[in-house]
Structure formats: C-alpha cells, structure tokens
Amino acid sequence: MVASNDVQDGIGKADGGNTHSAAPPPASPVLAPLPYHAALVAHLKRAEAEVWAWASSLSVQAQHAQELRAELLRKTYRLTPESHPQAHAICAAVVQRLGIEAATTLYQASDGAMGASLWYLPGEAHVVLQGPVLERLDETELSALLGHELAHYRLWALDGGDYYTAQRILDHCMADPLAAASHAESARLYSLYTEIYADRGAAIGAQSATPAIAILVKVHTGLGSVDPAAYLRQAEELESTDGRRSEGHSHPESYLRAQAVERWWRGAADTDAWLRRRLQGPLSADRLDLLDQLELSALTRRFIARLLRVEALGGELAQQQARAYFPDWGADEAVAGDDELSAERIDDSVRRYLHCVMLDFALIDEAQREAAVFEAARLAHTLGSRSEFITALKRDAGLGKRELDKLARRLDKEPSA
C-alpha cells in the first residue's frame, strides 16, 4: 500500500523539520475534498452536533506529542537535509505544489516492503518511507509518493481540521465493539475516498498522473521497472468486463486507483459518477452507510408518493399509512422516477424492501385489494422484478395459486409486458 495512513495527533514542531509554504501551480487540477468527504462532514455536523463539538475540541498534551516523536525516532531512521539533500529538495517542491504549511520530517523505516505512511500532528507532517523506495523510485516517482502522503496532511488540515475531526469520530466509532454496521461502512468509504484524494496529491506532486500510477504498480508488485500506460490499459480491459464495486477495506484496488487518478488528471466530466459507481455501487439495503440510510429514507418517501398517485393505491387508508411512515407527510411530496429505481441506482435488496412497502399499501384497504395488488404488480414489472413481487405475494400476503395465475394473465395483457 502506498499509504498506511497511520493517523496520529499532537502539537508542537518536529525536530529536524523544514517548513515550506506556497500555492499550487495554476496548471494543476484543483485538489479538493471529494463529494463523499463533504457530504459526510456536513451530515456529522448536522446530525451529531454534540459529538462533533466534542471531537473537534479534543486537545492533545505536549507530552503525548513528544512521546509520539520519540516513538518515531525509536523505530525509524530520521533523514536529515544534510544526509539526504535530494529527498528533502524533492519534498520541498512537493510541499510547494500542494500548498502545504507544515514542518515536514522524513524517516526511513526498517520494514522491507515498499511503501510510505504519514504520521499526522497539527502543524507537522511526518513521512515514513518503507523499503527501498529511495533506490527504486526515480525523482518524479518519489515526488508522487511524497505527494500522496503529504496530501493526507493537506486534507486533515483543511477547513479548520473538519476532515480530521470526521476521521476522529469514525475512528472512535470503530474502536467501539457495539458500533453499527453503518458506522463501519462509513469509515470504510471515507478511507477509500481519502486514498483517492491522496492519489490526486501524488499526481500534483509529480505534475503528472503517470508517476502516480507507476508507484501504485511498483509498491504493489515490488518491481523496479514498470510501464504505467500498459497497466492502465490492463485496468481499462478489466473495466469492460468486470464492473463490480471496490471490496477494499482501507484502500481501493490498485487498478481502480490507476483509472481514478488518470480520469481526474485529464478532467473527465464523469469522474465523480464513475467513482461513486466503482467505490459504492448501487444503493443497497445490505450495506448502508450513514449517508445511504438518509438516501434510502428519502427514496422510500418518494416511492410512497408515487404509489399514492395511483387511484387504487391512494385512498384514505393509504394516506394514513403514509403518515405512519412519515408523520410530517405533506400534500405535495416529490415522486420517484423510473431512473431512481433502475438497476444502476438500486440493487435487489432495495427492490425487495420496496416490494414490502408496496404490500403495506396494496393490502391495507380490503375494498380495493384486487385493484391495488394489480397496480403494485404492474409497478414491480416496471422495476423489472415482477416474478420476485409475485413470490412475495405468495409468501407474505398468502395469495393462492388461483389469484396469482389470474394476476399473471392480467399482467400479460399489458402492452409493456
């Protein structure tokens, strides 16, 4: 892995550090937090105001910061500007390109595997190199590696430390054995998007996406010589046959990262949508994070509004049922469109959930039951889940074969069937 993202906290200035600051060159794309970062920070500030205030106000004693620096010195070899002037000159250039204001210190770890990590302290960036990176990477590749690690620092320092505060909250959640699955999924996705952000920092550090891809391959394989263009073609070949979402826990798969940084560097207009599709996939009831919980609730509301637009499903009992779902139900609710219910937007688990919602409304009024069940089945057909809904009618609503056969014949007469 390029960055293990060993996030620590503290105060003060590191011994042996160099302070650099400057704005990034105008030719580089703008390095900004990704939409997922911004959305999760906004949600935590709004929904967990007390937790946010607590996490953002945490202070660290100077003694702890000194202990952290001592830990680094015990386990690594500090690279001073005098002993490694070229590495420090490259680092200074990267810091300038990223627009970072921090004391930067470089270390070499004893671990033989190639890679690097960042130890974060407010006002200090401690970069630990691992394995033979100084021997195996050329100047632009080392710039990319340092750009990746220092981008972690840049993100944590942005907006008064908001993105670091969010990381702290997620870390505390994950340390709790009673943490909800939604917290774990939020922490996972936040980490994946943070690595994508850091890869963009790698491209800015090297002033090209090519070295950023090269270090991904070198760190992943341990090879001393690689062809980034060939690896990108390999990744694109996989893209055409395998569109599954990332299964990474802390880092996306290298082939996805290579595509992501190349798309961003050349300014592909669909980069954000592509990233959401490849990192998160369609909305799934089986892996909801904190933001998807909100999205599924909002989709449920719009879906119910769509049901109530159908005469057989929109009676007074159905209106009462809608208010049972959402006590603040209004007269002018937004309606879910077909695009929101497509296979690209929701998966089978969400469709099964929506089938249950439909049953709640189709069976509530005995006088309208036959017509309401038919309209619900017709909607399920539109969603591409007719057979699954009929199975649900048999399993959950107790409809017999005669009723189901009659329903199927009616559906078959529909022009769209």
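Author: A helix here is a DSSP run of H or I with at least four residues, and helices are numbered from the N terminus. The model is predicted.

Reader: In which helix is Leu98 found?

Author: The helix in question covers residues 85–98. Leu98 is part of that run, and the helix is α4.

Reader: Is Leu98 buried or exposed?

Author: A residue is buried when its relative accessible area is under 20%. The relative accessibility of Leu98 is 2%, so Leu98 counts as buried.

Reader: How far apart are the C-alpha atoms of Leu98 and Val30?

Author: Along the chain, Leu98 and Val30 are 68 residues apart. Leu98 also has contacts beyond its neighbours within four places in sequence, among them Leu31, Leu150 and Ile204. The C-alpha atoms of Leu98 and Val30 are separated by 9.8 Å.

Reader: How many helices and strands are there in the chain?

Author: The chain has 417 residues, of which 50% count as buried. Its C-alpha atoms fill a box of roughly 85 × 50 × 40 Å along the principal axes. The count of strands is five, and that of helices is 18.

Reader: Are α9 and α10 roughly perpendicular or roughly parallel to each other?

Author: Helices α9 and α10 pack with their axes 9 Å apart, at an angle of about 75°. Angles of 65 to 115 degrees count as roughly perpendicular. The two helices α9 and α10 are therefore roughly perpendicular.

Reader: How many nonpolar residues has the contact of α9 with α10?

Author: From α9 come Thr210, Ile213, Ala214 and Val217, which meet Pro228, Tyr231 and Leu232 of α10. By class, the contact has no charged residues, one polar residue and, as for nonpolar ones, six.

Reader: What is the handedness of the crossing of α13 and α15?

Author: Helix α13 spans residues 290–308 and helix α15 spans residues 348–362; they pack at about 40°, with their axes 11 Å apart. That angle makes α13 oblique to α15. The crossing is right-handed.

Reader: How many nonpolar residues has the contact of α13 with α15?

Author: On the α13 side the contact residues include Leu296, Thr300 and Phe303, and on the α15 side they include Tyr353, Met358 and Phe361. By class, there are no charged residues, one polar residue and, as for nonpolar ones, twelve.

Reader: Where is Asp159?

Author: Phi of Asp159 is near 50°, a positive value in a residue other than glycine. The helices on either side of its loop are α6 (139–157) and α7 (162–175). Asp159 is in the loop between α6 and α7.

Reader: Is Gln207 buried or partly exposed?

Author: Gln207 is in the loop between α8 and α9, and its phi is near 60°, a positive value in a residue other than glycine. Buried means under 20% relative accessible area and exposed means over 50%. Gln207 has 31%, so it is partly exposed.

Key
Residues are numbered from 1 along each chain as its sequence is written. This is a predicted model: local features need pLDDT of at least 70, side-chain atom pairs count only at pLDDT 80 or more; totals for chains, interfaces and linings use all residues. Side-chain values use heavy atoms; hydrogens and water are left out. Axes are lines fitted to C-alpha atoms, for helices over the stretch in contact, and angles run from 0 to 180 degrees between N-to-C directions. Angles under 35 degrees count as roughly parallel, over 145 as roughly antiparallel, 65 to 115 as roughly perpendicular and the rest as oblique. A crossing is left-handed if the near helix is turned anticlockwise from the far one by less than a right angle, and right-handed if clockwise. Contact means heavy atoms within 4.5 Å. Ala, Val, Leu, Ile, Met, Phe, Trp, Tyr, Cys and Pro count as nonpolar, Asp, Glu, Lys and Arg as charged, and the others, Gly among them, as polar. Buried means under 20% relative accessible area, exposed over 50%, partly exposed in between (1.4 Å probe, protein chains only).
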